[in-house]
Amino acid sequence: MARAGLTADRLTQAAAELADEVGFENVTVSALARHFGVKDASLYSHIRNAHDLRVRLAVLALAELADRVSDALAGRSGKDALVAFANAYRRYAHEHPGRYTATQMALDPDTAATSAAGKHAEMTRAILRGYDLWEPDQTDAVRFLHSTFHGYVSLERAGAFHSHPRGVEASWLRALDALDSLLRAWPS
């Protein structure tokens, strides 16, 4: 018999905490069942399978990250908005490594459309309008920014930057300066 109080939302929140502890790729129905002290089968009345659990986790993480970025962006524009967005993104990745990994999960189109993924894109587009970028350049710049932020954070989390005496934070700030300069001089 399932422990009273288990819900899909409670399981998703526990999966998020577990992802931050052991890694997104190690979040399984069995690991979650062990966390709650129940049998795997007890969870299937709340979630369909491991994939469903991971999708729920990705949707939760996207919403959390969108809220953080939105709060950071409030009242900012131009370079201030770019830096606030980037720093909120990076901070979330460091504070919630498993959840951050979940935000990179490919979602089916229906799930993506109802998740906070669109909010992320719209916040990025709002920043880019401050640089007077419009379509199709906006889409290219959204992809460029996401690739830059994700690439930097991923390499940093993997320890790839720690063998050089220049501080990682100094390089991050310089990269943001370079992004600002590039966005102001985006090729037409």
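# Close-up views of a predicted model

**View 1. Packing around helix H2.** The buried residues of H2 pack against helix H1 (8-22), helix H3 (40-43) and helix H4 (50-73). H2 covers residues 29-36, and its buried members are Val29, Ala31, Leu32, Ala33 and Phe36. Buried means under 20% relative accessible area, exposed over 50%, partly exposed in between (1.4 Å probe, protein chains only). Packing is counted as contact, with heavy atoms within 4.5 Å. Helices are DSSP runs (H or I, at least four residues) and strands likewise (E, at least two), numbered from the N terminus. Just after H2, glycine 37 has a positive phi of about 70°.

The model is predicted: local features need pLDDT of at least 70, side-chain atom pairs count only at pLDDT 80 or more, and totals for chains, interfaces and linings use all residues. Residues are numbered from 1 along each chain as its sequence is written, and side-chain values use heavy atoms, with hydrogens and water left out.

**View 2. Two annotated segments.** An unreviewed UniProt entry lists residues 5-65 as "domain: HTH tetR-type". Over residues 5-65 the chain is 70% helix and 0% strand, with end C-alpha atoms 27 Å apart. The unreviewed entry also lists residues 28-47 as "DNA-binding region". Here the chain is 60% helix and 0% strand, and the end C-alpha atoms are 12 Å apart. UniProt positions follow the numbering used here, feature names are shortened, and annotations may be inferred rather than shown by experiment.

**View 3. The loop between H8 and H9.** Proline 136 sits in the loop between helix H8 (117-129) and helix H9 (137-157). The peptide bond from glutamate 135 to proline 136 is cis, with omega near 0°. Aspartate 132 lies in the loop between H8 and H9. Its phi is near 60°, a positive value in a residue other than glycine. Aspartate 132 is exposed, at 56% relative accessible area.

**View 4. The largest pocket.** The largest pocket holds about 510 Å³ of space. Of its 22 lining residues, the closest to the centre are Ala117, His120, Ala121, Val142 and His146. H4, helix H5 (78-95), H8 and H9 each give two or more residues to the lining. H9 gives the most, with 6 residues. The lining divides into 14 nonpolar, 6 polar and 2 charged residues. A pocket is an open set of points on a 1 Å grid over the protein atoms alone, where a 1.4 Å probe fits, with protein on both sides within 12 Å along at least five of seven lines; lining residues have an atom within 4 Å of a point. Grid points are joined across faces, edges and corners, and the volume is the space filled by probe spheres set on the points. Ala, Val, Leu, Ile, Met, Phe, Trp, Tyr, Cys and Pro count as nonpolar, Asp, Glu, Lys and Arg as charged, and the others, Gly among them, as polar.
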